[in-house]
Amino acid sequence: MRTSDVLGIAFAQIRGNPLRSFFTLLGIIVSVAFLVAVVAIIQGMNAYVKENIADAMVGANTFQVRRTPIQVGMIDDELMSRIRRRPRISEADAATVKAAFPDAVAVSRQSGWPTPMTEVQWRGRAVGSIMVFGITPDYQVVQDYRVMKGRALSDVDVTQRMPVVVLGAEVAEKLFESVDPIGQEVRVAGERMTVIGVNETKGRVLGQSFDAYALLPITRFEMRYGRRLTTTVSVKVADSSDVATMMGRAEEAMRVAHGLRPTQENDFSVETADALVNFWKQLTAVLFAVIPAVVAIGVVVGGIVIMNIMLMAVNERTREIGIRKAVGARARDIERQFLAETIMLSALGGLIGVLSGWAFAFLISVVSPLPARISWWSVGLALALGAGIGVIFGVYPARRAARLDPITAMRSE
């Protein structure tokens, strides 16, 4: 029997019982859809954390020279003790780094961890939990801030310790609504400051606003909050491929400036946003470890259902099998036919599962902040899984049909 004939008969059997075929495949459809949808959402989240959250916090194509390393989670006592012994990143350190990178896009100095939170007030209105940063003007380049109204902070504002502030779009909108905020006096942590600019909105990421901040000249910030807060130097380069090389140069310049011997460890950290991304990947790795077990249970259950349905089909079509054998069909033709029917059935379940998972992931990305990004390896795995289940659970019913005695089979009712 030709392969095309085998596939044609298998397709006709599936099409002849559409409802039964659907319920037979339900287990595989749900399992495969779950696999595709969850992988799509996790992959989308990975990309989103890298492209939005990490870059928004540190800056795109940017690395930082810090006293405190970017550490997500608990810091143990030993590490905290070593950090406390480190010197504060000073203005001289910023000058050292800047001298090492004359070709950098921007080198800024800004207040670091912990970022103070405060309330910004204007004529009886107040917006709370606003992050306050003390910065040099280049920080606005590092973070890709674009001025929507007024102007950005200048070197004069820093050197003259001017009581001025640039507000994030969300703060300005809540405080002033239809009033022009430029030139208005607000209170930042109780101190009068003149609004000189409002930056364009950066939006929200997973419900977290990136527009709720106030930027002060770093000298004014230090007058208000002191110099105890860790100061950070950020270096923005034109090409992301240069970041690793530039980090090495910064480390070398800082070691020389701090007079460290070759055997001494750094008393500073040079880092990108990779710590944040790696932390997120550790979280998602747990999910990736659980998904195969969940999918395997669903697929095995689906395979058992398919095997039982195919055994019922063999019983229902016993007379047909006997007649076919009597007119010349070989045992292997019968086996190929039932095996092809099972593989086609389970592969169809895999395909419907992929489309369902794809649609579900797309729906999630539309109605929620969770992004989704389809991974082709998950689609290929899902389809291979569907076809593989057909092979594994289709062999027994196919061999049982092939071994039927034609005389006994034709006598069955």
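Let's start with A172, which lies in helix α7, a stretch covering residues 169–176. This is a predicted model, and in it A172 has a relative accessible area of 8%. Buried means under 20% on this scale, so A172 counts as buried.

What does A172 touch, once its neighbours within four places in sequence are left aside? The contacts are with L167, E177 and V198. A further residue to look at here is V195, which is 23 residues from A172 along the chain. The C-alpha atoms of A172 and V195 are separated by 9.4 Å.

## The protein as a whole

Stepping back, the protein has 413 residues, and buried residues make up 46% of them. Its secondary structure consists of 14 helices and 13 strands.

How do contacts relate to distance along the sequence? Take the contacts between residues at least 6 apart in sequence: 79% of these join residues at least 24 apart.

## Helix α8, an enclosed helix

Helix α8 runs over residues 218–225. Is this helix largely enclosed or largely open? Six of its eight residues are buried, so α8 is largely enclosed by the rest of the structure.

Following α8 comes G226, whose phi is positive, near 80°.

## Where α4 meets α9

Two packed helices are described by the angle between their axes and the distance between the axes. Here the pair is helix α4 (residues 91–100) and helix α9 (residues 243–257), which pack at an angle of about 135° with their axes 9 Å apart. Angles over 145 degrees would count as roughly antiparallel, and 65 to 115 as roughly perpendicular; α4 and α9 are therefore oblique to each other. The crossing of α4 past α9 is right-handed.

Which residues bring the two helices together? On the α4 side they are D93, T96, V97 and A100, and these meet R249, A253, M254 and A257 in α9. Sorted by class, this contact has five nonpolar residues, one polar residue and two charged residues.

Another residue of helix α4 is A99. With a relative accessible area of 62%, A99 is exposed. The C-alpha atoms of A99 and A250 are separated by 9.9 Å, although these residues are 151 apart along the chain.

## Two residues with positive phi

Most residues other than glycine have a negative phi. With that in mind, have a look at S129 and R161. Phi of S129 is positive, near 55°, and phi of R161 is also positive, near 50°.

Where do these two residues sit? S129 is in strand β4, which spans residues 125–135, whereas R161 is in the loop between α6 (155–159) and β6 (164–167). At 55% relative accessibility, S129 counts as exposed. R161 has 43% relative accessibility and so counts as partly exposed.

Note on methods
Residues are numbered from 1 along each chain as its sequence is written. This is a predicted model: local features need pLDDT of at least 70, side-chain atom pairs count only at pLDDT 80 or more; totals for chains, interfaces and linings use all residues. Side-chain values use heavy atoms; hydrogens and water are left out. Helices (H or I, at least four residues) and strands (E, at least two) are DSSP runs, numbered from the N terminus. Buried means under 20% relative accessible area, exposed over 50%, partly exposed in between (1.4 Å probe, protein chains only). Contact means heavy atoms within 4.5 Å. Axes are lines fitted to C-alpha atoms, for helices over the stretch in contact, and angles run from 0 to 180 degrees between N-to-C directions. Angles under 35 degrees count as roughly parallel, over 145 as roughly antiparallel, 65 to 115 as roughly perpendicular and the rest as oblique. A crossing is left-handed if the near helix is turned anticlockwise from the far one by less than a right angle, and right-handed if clockwise. Ala, Val, Leu, Ile, Met, Phe, Trp, Tyr, Cys and Pro count as nonpolar, Asp, Glu, Lys and Arg as charged, and the others, Gly among them, as polar.
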